[in-house]
Amino acid sequence: MTESTPTTGTGEDDVKRQFREALERKQAKAKSGASHEDRGSKIHNAHNGPAATKREFRRKSG
């Protein structure tokens, strides 16, 4: 009885450790990708005030 027998908890710990390592590798790979923070906005020349002409709504005839 002096020998310690592995319990099922160590197997679960090993699996959790493997998943954690895989997640860390995945996150490191994602962080190493190109950052788009240096680029500007895709929206250019958007008007901030009222439109140049007033919109005209016409009733459908027929």
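This section describes the fold, surface and salt bridges of a predicted protein model.

Because the model is predicted, local features require pLDDT of at least 70 and side-chain atom pairs count only at pLDDT 80 or more, whereas totals for chains, interfaces and linings use all residues. Residues are numbered from 1 along each chain as its sequence is written, and side-chain values use heavy atoms, with hydrogens and water left out.

Of the 62 residues in the chain, 0% are buried, where buried denotes under 20% relative accessible area, exposed over 50%, and partly exposed the range in between (1.4 Å probe, protein chains only). The protein chain exposes about 7200 Å², of which carbon and sulfur atoms supply 52%; accessible areas come from the Shrake-Rupley method with a 1.4 Å probe, and for residues only the protein chains shown count as cover.

Two salt bridges (a side-chain nitrogen of Lys or Arg within 4 Å of a carboxyl oxygen of Asp or Glu) were found in a search of the whole structure. In one, the side chains of Asp-14 and Arg-17 meet at an N to O distance of 2.4 Å. These two residues are three apart in helix H1 (residues 8-31), so about one helical turn separates Asp-14 from Arg-17. Arg-17 also forms a salt bridge with Glu-21, with the closest N and O atoms 3.1 Å apart. Glu-21 and Arg-17 both lie in helix H1, four residues apart, about one turn of the helix.
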